[in-house]
Amino acid sequence: MGVLTKEQIIEMIEGQRGLSRDEIKRRISEISKREGISEHAAALMLAEELGVNLEGKDELLHLADLVPGMSGVNVVARILRKYPPREYQKRDSSTGRVANLIIYDSTGRARLVLWDNLVGKYYEELKPGDVVKIIDPSVREGRNGIELHANFRTRIILNPEDPRVEEIPPLEEVRSYSYQRRKIGELMGGERFVEVRGTIARLYRVTAYDACPQCRRKVDYDPATGSWICPEHGEVKAKTVVIIDFGLDDSSGYIRTTLFGDDAAELLGRDAEDIAEKLKELIESGLTLREASRKLAEDEYYYLLGREIVVRGNVVDDKFLGLILKASSWDEVDPKREIARVRAELKKAIAELEGGE
C-alpha cells in the first residue's frame, strides 16, 4: 500500500469508527497544534490512537500474538500491578531509573518496562485498573515470558478508543482468583488461596540461588561440561531466584512469610543478579550462607520495615517454625480497593442482621 493522503486517512477513520468528518478534523487539528506536527502526521497519529487499521489487516494484535523481535506493534492492555521504580548503574557510571508494570489482556499477561525519562513521563499517571495502548515498544523475551520495553519511539495512551478495550476483563475479576482476605489471628494452618494485609515487622533473610527455569529447583554446576544440571530436566540455563523471609503483622497476629522469585526481587527493589552478587561478596568475606543472608537483609533492606502490603498465598504449619505464609504474590495497598472491600462487608453484615430480625 502506498502513502495514504490525509483525506484517505479521514475516510478510513470515518468508516471504521463511525465518527463524523467534522469531529475527525477537529481532533486532527488539536493533535497538530499540541504536538507541533503537520495535519497529515496528526491524522496518522489519530488513526493509531483509535486503533484504525490502515494496512488492510483484519486482526489486531494481542499479547499472546507477540514474539521477541517484533517491531512496529501496538497492543491494548490493562495494568494489573505496578512496582516501585528502582535505580540502576549505567555503563557510563551515571544513575538511571527503571520501573516495571504487569499488564494483561484477554489472551495473557506481560511485563511493561519503563526506562529513565519514561518513568517520569508515565509511571505516576498509570494506575492498576487503567487501560493503556502501547505503541511501538521493543518486544523481548523475559525471564517469565514476553516483555514490552518502552523506548524513545514508544507512546503510551491512557484510556484509548480501541475495539480491544471491550475484550479485557475487569481488574477485580483477574485479581481476586478465589483468594479470601483473612486476619492473621484466624489462620490455623492448611489454608489455601488466602490474602493477608499487614505490615512488615521483621526481616529474617534475603538469599538467592541458581535454579532450573522450569521447576525452580536448585541446580548444580558441572565444570566438566560447563553447564548447569537440574535433577529433573537435565542441562538447563540457570536462573537466579531470590527468596525473602519476613514477618507480617496485622494487629490480630503475626506470621512468618516467604516470597520467591521475581516478586521477591520486586519487593526488594533490586535485580536478582545484583542480590546474588551482594550475597556472594558477603560469603567471600568469611560468612556462612545463613549469616550472609541475615546480614544482607538487615544491612541492605531495613527500609522495608513498617511497610504495609497485601500478600497472597497458602499457609503451612512447619513443625520447627510454626505457621508460614508461602506467598505467591504481593501488592501495594490500594485504598480504593480497601474501601470497596469494607463497604461490601458492611453491606453483607447489614443484610444478615436485617434477615435475622
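Me: How many helices and strands does the protein have?
Reply: The protein has 9 helices and 17 strands, where helices (H or I, at least four residues) and strands (E, at least two) are DSSP runs numbered from the N terminus. This is a predicted model, in which local features need pLDDT of at least 70 and side-chain atom pairs count only at pLDDT 80 or more, while totals for chains, interfaces and linings use all residues. Residues are numbered from 1 along each chain as its sequence is written, and side-chain values use heavy atoms, with hydrogens and water left out.

Me: What does the C-alpha trace span, and what share of the residues count as buried?
Reply: Along its principal axes the C-alpha trace spans about 75 × 75 × 40 Å, and 43% of the 357 residues count as buried. Buried means under 20% relative accessible area, exposed means over 50%, and partly exposed lies in between, with a 1.4 Å probe and protein chains only.

Me: What about contacts across the sequence?
Reply: Taking contact to mean heavy atoms within 4.5 Å, residues 24 or more positions apart account for 61% of the contacts with a separation of 6 or more.

Me: Let's go to β5. Is that strand enclosed or open?
Reply: Strand β5, residues 131-135, is largely enclosed by the rest of the structure, because 5 of its 5 residues are buried. V131, K133 and I135 point one way from the strand, whereas V132 and I134 point the other way, and all are buried. In a regular strand the side chains alternate between the two faces of the sheet.

Me: Which strands does β5 pair with?
Reply: Strand β1, residues 74-82, pairs with β5 in the antiparallel sense over 5 bridges, and strand β8, residues 155-158, runs antiparallel to β5 and is joined to it by 4 bridges. Pairing here requires that DSSP finds at least two bridges between the two strands. As examples of individual positions, N74 has I135 as its bridge partner in β5, and I134 stands opposite I156 in β8.

Me: And V75, buried or exposed?
Reply: V75, which is found in strand β1, counts as buried at 2% relative accessibility. Leaving aside neighbours within four places in sequence, its contacts include V132, K133 and I134 as well as L61, L148 and R164. V75 and V132 are 57 residues apart in sequence, yet their C-alpha atoms are 8.3 Å apart in space.

Me: What does E49 touch?
Reply: E49 lies in helix α3, residues 39-49, and is buried, with a relative accessible area of 15%. Beyond its neighbours within four places in sequence, E49 is in contact with I31, R34, K133, R155, I157, P160 and E161.

Me: Switching topic, how many disulfides are there?
Reply: With a disulfide defined as a pair of cysteine sulfur atoms within 2.5 Å, the count comes to 0. C212 is in no disulfide, and the nearest cysteine sulfur, that of C230, is 3.8 Å away.

Me: Are those two cysteines buried or exposed?
Reply: C212 counts as buried at 1% relative accessibility, and C230 likewise counts as buried, at 2%.

Me: Last one: where is Q180, and which residues does it contact?
Reply: Q180 is in strand β9, residues 180-181, and, leaving aside neighbours within four places in sequence, Q180 is in contact with F193, V194 and E195. The C-alpha atoms of Q180 and R192, which are 12 residues apart along the chain, are separated by 8.9 Å.
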